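Student: I'd like to learn how to read a fold from its coordinates. Can we walk through one together?

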Amino acid sequence: SGLVALPIESSALEHDSSPAWIQGDAAQIQIALVNLLRNAAEAIPQSRPAWIELSLRAEPETWCLEVADNGPGLPQGLLEQAPLTTTKAKGSGLGLFVVQTTMENHHGRLETATSPHGGALLRLRFPAQAAP
């Protein structure tokens, strides 16, 4: 079936003090997160062991959700210069465009950086909300 199981490390996805409340469309946010995880999995060459990490942390007035991998990374300025660009052989760049649009719809931001393992680190910053 072509499916491969990849280990995903997670850190701080549960907070004892309070839940990570954000206001938004759950389906849109889920699609954005799935796009980031799929991009990470597809970017890692089969010749190396895969490393993907999902983390969540509270920051002043925001929740920061990160997806990091050990793939080839992203070029600097990719989102600003050409949001529909891809670094994958069989990609359209639409996945990151969907994530960026989702973050704009939720008054948040998508940021790119380099992961601790030299791959991509994509950071979703959502405005924190008071508990319902």
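**Reading the fold**

Tutor: Helices (H or I, at least four residues) and strands (E, at least two) are DSSP runs, numbered from the N terminus. Keep in mind that this is a predicted model, where local features need pLDDT of at least 70 and side-chain atom pairs count only at pLDDT 80 or more, while totals for chains, interfaces and linings use all residues. Residues are numbered from 1 along each chain as its sequence is written, and side-chain values use heavy atoms, with hydrogens and water left out.

Student: What order do the five strands take in the open sheet?

Tutor: Two strands pair if DSSP finds at least two bridges between them. Here the order is β1-β2-β3-β5-β4, with mixed pairing. β1 (8–11) and β4 (109–114) sit at the edges with a single partner strand each, so one side of each has no neighbour in the sheet.

Student: In which sense do β1 and β2 pair?

Tutor: Parallel, over four bridges, with β2 covering residues 52–59. Ile8, for instance, has Ile52 in β2 as its bridge partner.

Student: Which strands does helix α1 touch?

Tutor: Contact means heavy atoms within 4.5 Å. Helix α1 (residues 26–43) packs on the sheet and touches β1, β2, β3 (62–69) and β5 (120–127). Axes are lines fitted to C-alpha atoms, for helices over the stretch in contact, and angles run from 0 to 180 degrees between N-to-C directions. The direction of α1 makes about 25 degrees with that of β3.

Student: How many residues does the largest nonpolar core have?

Tutor: In soluble globular proteins, nonpolar side chains tend to be buried together. A nonpolar core is a set of buried Ala, Val, Leu, Ile, Met, Phe, Trp, Tyr and Cys residues joined through side-chain atoms within 4.5 Å; buried means under 20% relative accessible area, exposed over 50%, partly exposed in between (1.4 Å probe, protein chains only). The largest one has 19 residues, and Leu36 is among those with the most contacts inside it. Leaving aside neighbours within four places in sequence, Leu36 is in contact with Val67, Leu96, Val99, Leu122 and Leu124.
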